[in-house]
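Here is a walk through one protein chain, a few landmarks at a time. Keep the view open and follow along as you read.

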Amino acid sequence: MINTPLNQKLRGLYAITDPELLPEETLVASVEQAILGGASIIQYRDKHATEVELIRRAESLASCCKTYQTPLIINDRIDICKRVNADGVHLGQEDNAVKAAREQLGSAAIIGATCHNSIDLAEQALTEGASYVAFGRFFNSHSKQHAPPADLSILKEAELRIRLPKVAIGGINLDNGQSVLEHGADMIAVIHALFASGNVSINDIAKKAAAFQTLFNH
Ligand SMILES: Cc1ncc(COP(=O)(O)OP(=O)(O)O)c(N)n1
Ligand SMILES: Cc1ncsc1CCOP(=O)(O)O
Ligand SMILES: [Mg+2]
């Protein structure tokens, strides 16, 4: 396993941002609430921003996350990770992406890899130097409706075969989160159920994050 000092943080609620739910005006304050509620790790994921917006938003998040000593992961972009001195990247299934990221970011970086429903992909990610493997989507997802589906049993199989922390993603909420943990997930990655606009006040994000984090105490 990659020996990063942040390894002990690779457990708990993994909060992922979404530009539609969190426009730039509310982005940092919302993420701060997620952290105050207990989120263990943050991912900046933004598929629509311009280059200038990406850098500005990632820089603001990096500063916030540094204040709370909470790791910040940048989705898809090794270059932005380096530029804002974030803690790592999350990468999809591009050829040798994890290997390239490890070479460029060094041994202390947190590098996550999407493995859908596949132990083979997880084994490959491990070989290439990933810090964690992500499986899903396990349930219907508002945020990525056509992500390939996965079965919760993959988490138990991964527990036996892959010596890396396991992230579960896709439609996870406060009702199904416990079952995901019972199947062996170390982290649950959430967008909609944490940041969607059922939040009457911004403090609601902290309350929801705390409720997710409580699932890990059982
Ligand atoms: C923690 C986590 N798991 C999975 C994903 C999905 O990554 P990817 O397959 O590259 O898809 P996009 O997020 O880029 O649409 C993730 N971002 N984070
Ligand atoms: C990025 C991603 N990859 C698989 S599902 C998903 C979206 C997760 O968001 P939500 O928690 O809203 O389902
Ligand atoms: Mg991606």
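Look for Ile80 in helix H3, the stretch that covers residues 78-84. Keep in mind that this is a predicted model. Is Ile80 buried or exposed? It counts as buried, because 21 C-beta neighbours sit inside 10 Å and the cut-off for buried is 20 or more. Setting aside residues up to four places away in sequence, Ile80 has contacts with Leu54, Ile55, Ala58 and Ile74. Take Ile55 from that list: it is 25 residues from Ile80 in sequence, yet the two C-alpha atoms are 6.6 Å apart in space.

Now slide over to helix H2, residues 51-67, which packs with helix H1, residues 24-37. Their axes are 10 Å apart and the angle between them is about 20°. Angles under 35 degrees count as roughly parallel, so H1 and H2 are roughly parallel to each other. Their crossing is right-handed. On the H1 side, the residues that meet H2 are Glu24, Leu27, Val28, Val31 and Glu32. On the H2 side, the partners are Arg57, Ser60, Leu61 and Cys64. Sorted by class, this contact holds 5 nonpolar, 3 charged and 1 polar residues.

H1 has another partner to look at, helix H9, which spans residues 203-215. Here the axes come within 7 Å and cross at roughly 35°, and H1 passes H9 in a right-handed crossing. From H1, the residues taking part are Ser30, Gln33, Ala34, Leu36 and Gly37. From H9 come Asn203, Ile205, Ala206, Lys207, Lys208, Ala209, Ala210 and Gln213. The class count for H1 with H9 is 6 nonpolar, 5 polar and 2 charged residues.

Pick out Ala206, which lies in H9. Which residues does Ala206 touch, not counting those up to four places away in sequence? They are Gln33, Leu36 and Gly37. Ala206 counts as buried because it has 20 C-beta neighbours inside 10 Å, and 20 or more is what the label asks for. Phe195 is 11 residues from Ala206 in sequence, and their C-alpha atoms are 9.9 Å apart.

Next, a step back to what the record says. UniProt, in an unreviewed entry, places the feature "domain: Thiamine phosphate synthase/TenI" at residues 13-194. Over residues 13-194 the chain is 41% helix and 19% strand.

Asn75 lies in strand S3, residues 72-75. Beyond residues up to four places away in sequence, Asn75 touches Gln43, Tyr44, Arg45 and His90. Asn75 has 18 C-beta neighbours inside 10 Å, so it counts as partly exposed.

Thr114 belongs to strand S5, residues 110-114. How many C-beta neighbours does Thr114 have inside 10 Å? There are 22, so Thr114 counts as buried. Its contacts, again leaving out residues up to four places away in sequence, are Gly92, Gln93 and Ala134.

Finally, a few backbone details. Most residues other than glycine have a negative phi, and most peptide bonds are trans. Gln69 is not a glycine, yet it has a positive phi of about 50°. You'll find Gln69 in the loop between H2 and S3, and it counts as exposed because there are 9 C-beta neighbours inside 10 Å. His116, not a glycine either, has a positive phi of about 50°. His116 is in the loop between S5 and helix H5, residues 119-128. With 18 other C-beta atoms within 10 Å, His116 is partly exposed. As for peptide bonds, the one from Gly136 to Arg137 is cis, with omega near 15°. Arg137 lies in the loop between strand S6, residues 132-136, and helix H6, residues 153-161.

Terms used: Residues are numbered from 1 along each chain as its sequence is written. Chains are lettered from A and ligands numbered from 1 in the order in which they are written. This is a predicted model: local features need pLDDT of at least 70, side-chain atom pairs count only at pLDDT 80 or more; totals for chains, interfaces and linings use all residues. Helices (H or I, at least four residues) and strands (E, at least two) are DSSP runs, numbered from the N terminus. A residue is buried if 20 or more other C-beta atoms lie within 10 Å of its own, exposed if 12 or fewer, and partly exposed in between; C-beta atoms are placed from the backbone. Two residues are in contact if their C-beta atoms, placed from the backbone, lie within 7 Å. Axes are lines fitted to C-alpha atoms, for helices over the stretch in contact, and angles run from 0 to 180 degrees between N-to-C directions. Angles under 35 degrees count as roughly parallel, over 145 as roughly antiparallel, 65 to 115 as roughly perpendicular and the rest as oblique. A crossing is left-handed if the near helix is turned anticlockwise from the far one by less than a right angle, and right-handed if clockwise. Ala, Val, Leu, Ile, Met, Phe, Trp, Tyr, Cys and Pro count as nonpolar, Asp, Glu, Lys and Arg as charged, and the others, Gly among them, as polar. UniProt positions are given in the numbering used here, feature names are shortened, and annotations may be inferred rather than shown by experiment.
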